[in-house]
Amino acid sequence: MRDVPNRYQGLPPRSAEMLHQIVRKFYRGAVSHFDVIQEKKAEVRAAAKLFQESQDEAPLRQTIKTLFLEFHFYTTCWLQMELALYRLARKDERLARVHEAFQPEWKKHLDVRERLEETDACVNEQFQQEESAWMIAEQDAYRFGEIAFTVDEQRLQALHDFYQAIETVRKSG
């Protein structure tokens, strides 16, 4: 898997059809992973309640780590979609406009993904916030540096919008 900072270097040649297939594949992967993430968030909330009673951080830390590994997969799907779109956009001005229009959204996902390369450090960061880790878990507002992030309905809708914009251009020929 490509790292975020060097993602455009040394890309092998791909046809436009193959790049669109990559977009579809990773879109479907991210969408199908949404329910898994929601299940892991429920496990984190349950561990947060236990933490309030026992003050034992270990179960909460472990469930947050598992959740963050799921976030990593989801944000990797965004990375792969963005990479394919970047390559398509070099040959189609309409797709270049889509790439630019969705930059705030895909950039946020890629920034979070880059931080998630150090999963344990991201977990530790949740325990170093002003708010307690259990409150962060209950509020579903995880911190990755300056970025507040979770995978929720709003993020899923952004994914749908991103994919639909790419598909609209592809179908218009």
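## About the model

The structure is a predicted model, in which local features need pLDDT of at least 70, side-chain atom pairs count only at pLDDT 80 or more, and totals for chains, interfaces and linings use all residues. Residues are numbered from 1 along each chain as its sequence is written, and side-chain values use heavy atoms, with hydrogens and water left out.

## The chain as a whole

The chain holds seven helices and two strands, where helices (H or I, at least four residues) and strands (E, at least two) are DSSP runs numbered from the N terminus. Along the sequence they follow the pattern α-α-α-α-α-α-β-β-α. The C-alpha atoms fill a box of roughly 60 × 30 × 20 Å along the principal axes.

Of the 173 residues, 47% count as buried (under 20% relative accessible area, with exposed meaning over 50% and partly exposed in between, for a 1.4 Å probe and protein chains only). Among contacts (heavy atoms within 4.5 Å) with a separation of 6 or more, 78% come from residues 24 or more positions apart.

## Helix α4 and its buried side

Helix α4 covers residues 103-116, and its 14 residues reach 19 Å from first C-alpha to last, close to the expected 20 Å (1.5 Å times one less than the number of residues). Its buried residues are Glu105, Trp106, His109, Leu110, Val112, Arg113 and Leu116. They sit on the same side of α4 because they cover an arc of only 160° around the axis, the arc being that of the directions from the helix axis to the C-beta atoms. The cover over them includes α2, α3, α5, β1, β2 and α7.

## How α2 meets α4

Helices α2 and α4 pack at an angle of about 130°, with their axes 8 Å apart. Axes here are lines fitted to C-alpha atoms, for helices over the stretch in contact, and angles run from 0 to 180 degrees between N-to-C directions. That makes α2 oblique to α4, as angles under 35 degrees count as roughly parallel, over 145 as roughly antiparallel, 65 to 115 as roughly perpendicular and the rest as oblique.

From α2, the residues making the contact include Phe68, Phe71, Trp78 and Leu79, while those from α4 include Trp106, His109 and Arg113.

## The two faces of α3

In α3, Leu95, Val98 and His99 are buried. These residues fall within an arc of 100° seen down the axis, so they line one face of the helix. They pack against α1, α2, α4 and α7. The face turned away from this buried side carries the exposed residues Glu93, Glu100 and Ala101.
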